[in-house]
Each structure stands twice: as C-alpha cells, then as structure tokens.
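Work through the following exercises with the sequence and the structure in view. Each task is followed by a worked solution.

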Amino acid sequence: MEAAIALSERGRGLSTPNPNVGCLIVRDGAVVGRGWTQKGGRPHAEAQALDEAQDQARGATAYVTLEPCFHLSARGPRCADLMARAGVARVVIALRDPDPRTDGQGAGHLRARGIQVEMGVMAKEAAAAMRGFVLRQTLGRPAVTLKLGLSLDGCIALRDGASRWITGEAARAHAHLERARHDAILVGGGTLRADAPRLDVRLPGLEDRSPRRLLLTRGDAPEGWEAVAQPEEIAALNHVDHLMVEGGASTAAAFLRADLVDRLLLYRAPIIIGGGLAGIGDIGLSDLAQAHHRWTLTDARQLGDDRLEVYERRRGA
C-alpha cells in the first residue's frame with residue numbers, strides 16, 4: 001500500500017477533478033500491474049493497472065488507495081466493475097470514498113461478487129496524499145498550502161521590497177517541484193506589482209505542469225490570470241483541489257485569518273535582514289494562547305544552506 005500511495009502522488013496536480021489514486025496489482029509476490037490517475041482524471045489508476053496486468057490480474061490482489069468508483073460516467077466504466085470482470089481475488093483499499101456516489105458501494109459490489117475486500121489499510125496516509133480531493137468532498141474547498149521563503153528573523157524582503165534571492169537554488173528547485181503538484185498558485189497584488197512573478201515550473205521535464213495563476217484582488221486580473229476577490233471564494237474554483245499561496249504578507253495573513261491554510265512550507269535561509277518586510281501580516285490574534293496547538297511539524301530537511309519545515313494544520317484545535 002505504501003508503494004501505491006507513492007504512485008498516487010504522481011497524479012497530484014494533474015488528475016483534478018478526479019482524485020489522484022494509485023493502484024498496484026500483485027500476483028505470486030510480484031507486481032504485474034501499476035497505475036495512477038492520469039491527467040484530467042482518465043484513465044483511472046485501477047483501469048491503467050488492470051490494462052498492464054491483463055490476464056495476470058485473475059486471482060491476484062489489488063492494492064488501491066481509494067475505494068474503486070461505483071458511479072456511472074460517460075467518461076469510462078466503473079472501476080468496481082472492472083475489478084470484478086478482471087477476476088481479482090482480493091482488493092485491499094486504503095480509504096473509503098467520501099464521494100456519496102460511491103461511499104461503500106464500490107466495496108459492497110466487490111464483496112457481492114465473491115471478492116475478498118479489506119478497507120482501512122494506511123487510510124490516514126492515503127488521505128494525506130489525496131488531501132485536495134478529501135477536503136473538496138468534506139469541506140467543499142481545495143487544500144491550501146502556504147509557501148514562504150524567510151530569513152531567520154522572519155523577513156521575506158529588504159525594506160525596499162528586494163527579495164531575490166532569499167533562499168538558494170536547492171530550496172527554489174524544491175519550491176518549483178511543489179508548484180508542479182498544485183492545480184493553481186495564488187499571489188496578492190503587491191507581489192504581482194513588485195516581482196511580476198511568472199509562477200511557472202522551471203524544472204527540466206516538468207515545464208508542462210505549470211499551474212493556473214490566480215490573483216487576490218477585488219479588481220480585474222491581468223491577461224493570463226484569474227481574479228479571486230477574497231480567500232473564501234476559492235471554494236468556487238473549478239478543477240482546483242490543490243492550491244498554493246505564495247505571497248505576499250497581506251495575502252498570507254488573509255488566508256490564515258480565514259483559517260483556510262492546511263499546510264505550511266517554510267523555507268528558512270541562514271540570513272538575518274533586520275528591519276525588512278515581515279513574511280506575514282496581522283492574522284487577528286487577540287490572545288497568545290490562540291496561537292498554540294494549531295500546527296504540527298510533519299517534515300524537516302536541509303536544502304543546501306536552507307532549511308525546509310513543513311507543518312500541517314490541526315483541525316478542531
């Protein structure tokens with residue numbers, strides 16, 4: 001299942017509006033088929049894996065990160081039907097599908113056809129890999145990652161706004177990889193005017209994965225950009241399940257104030273600016289106690305001279 005979850009990550013930022021699912025088919029201890037949801041959502045991971053496995057799928061075990069779909073679609077067959085027709089003997093599922101069109105029906109269909117089904121294996125990890133889809137189904141909005149490149153004293157630029165470059169090449173390359181895993185990137189008007197950011201992916205082989213560009217503004221957006229008047233409007237964005245917010249300080253504060261940030265990417269450079277521009281503006285805290293127990297460190301690594309820290313929001317805190 002861990003390998004299937006890793007496969008699912010390949011479709012993140014590409015598969016929307018469908019979830020980025022991973023699937024492995026194993027027979028006699030060997031992988032005979034693998035798949036992940038393709039660009040635009042088709043083919044599904046299960047269909048791709050079964051196509052690769054062909055006749056070897058009969059009697060095999062399928063590991064899939066999300067319950068096989070059961071709803072009818074003009075775009076392709078139901079994965080639960082495909083599994084049953086292929087003759088798999090066992091299906092191991094990580095996460096029950098929160099989409100009410102499936103929600104247990106896919107697993108029930110398989111069981112009714114004599115297939116052994118196990119559900120809940122590494123469900124938490126699978127949900128994290130498909131965070132955008134899960135939040136779209138449960139909260140009606142995309143998953144939001146806030147990315148900040150900071151000095152040790154929390155600045156994103158000099159007093160005059162100069163910000164190139166706070167972090168080094170390794171950190172910037174990692175940030176471009178993160179861009180490739182999102183459907184859209186959003187910045188504020190100040191960032192647009194100061195930096196004229198391209199917000200594309202400049203990594204060899206991934207240039208075609210540059211996300212849509214969004215601007216937080218109550219006015220019109222320039223050509224090639226889409227306007228979002230306020231943070232809550234991200235819920236209405238079509239085909240955006242993974243959104244990255246890149247700046248600046250007022251925009252970051254607006255999303256934090258609205259409690260719409262699910263994940264923080266903090267790239268810290270070993271420099272001190274002193275008197276520079278703060279990375280985040282006022283988020284409306286009136287009591288220091290409100291700031292505690294809201295974030296959990298989930299990853300930390302060195303990127304050249306810089307340090308990356310990844311935090312996830314503790315919902316309900």
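**Exercise 1.** Where is the place of Leu285? Then classify Leu285 by its accessible area and name the surface patch it belongs to.

Solution. The model is a predicted one.
- Step 1: Leu285 sits in the loop between β13 (277–278) and β14 (295–303).
- Step 2: its relative accessible area is 41%. Buried means under 20% and exposed means over 50%, so Leu285 counts as partly exposed.
- Step 3: together with Ile280 and Ile283, Leu285 forms a nonpolar surface patch, and the three have about 210 Å² of accessible area together.

**Exercise 2.** Give the strand order of the open sheet of five strands, and find the strands that stand at the edges.

Solution.
- Step 1: the order is β2-β1-β3-β4-β5, and the pairing is mixed.
- Step 2: β2 (30–36) and β5 (116–119) each have a single partner strand, so one side of each lacks a neighbour in the sheet.
- Step 3: on average, neighbouring strands of this sheet are turned by 15 degrees against each other, direction ignored.
- Step 4: β3 (residues 61–66) and β4 (residues 90–95) run parallel and are joined by five bridges. Leu66 stands opposite Leu95 in β4.
- Step 5: helix α4 (residues 105–112) packs on the sheet, where it touches β4 and β5. The direction of α4 makes about 155 degrees with that of β5.

**Exercise 3.** Which residues of helix α3 (residues 79–86) are buried, and what do they pack against?

Solution.
- Step 1: the buried residues of α3 are Cys79, Ala80, Asp81, Leu82 and Met83.
- Step 2: they pack against β1 (22–27), α2 (45–53), β3, β4 and α4.
- Step 3: just after α3, Gly87 has a positive phi of about 80 degrees.

Terms used. Residues are numbered from 1 along each chain as its sequence is written. This is a predicted model: local features need pLDDT of at least 70, side-chain atom pairs count only at pLDDT 80 or more; totals for chains, interfaces and linings use all residues. Side-chain values use heavy atoms; hydrogens and water are left out. Two strands pair if DSSP finds at least two bridges between them. Helices (H or I, at least four residues) and strands (E, at least two) are DSSP runs, numbered from the N terminus. Axes are lines fitted to C-alpha atoms, for helices over the stretch in contact, and angles run from 0 to 180 degrees between N-to-C directions. Contact means heavy atoms within 4.5 Å. Patches are made of residues with over 30% relative accessible area and no salt bridge: like charges are joined within 9 Å, nonpolar side chains (Val, Leu, Ile, Met, Phe, Trp, Tyr) within 5 Å. Accessible areas come from the Shrake-Rupley method with a 1.4 Å probe; for residues, only the protein chains shown count as cover. A salt bridge is a side-chain nitrogen of Lys or Arg within 4 Å of a carboxyl oxygen of Asp or Glu. Buried means under 20% relative accessible area, exposed over 50%, partly exposed in between (1.4 Å probe, protein chains only).
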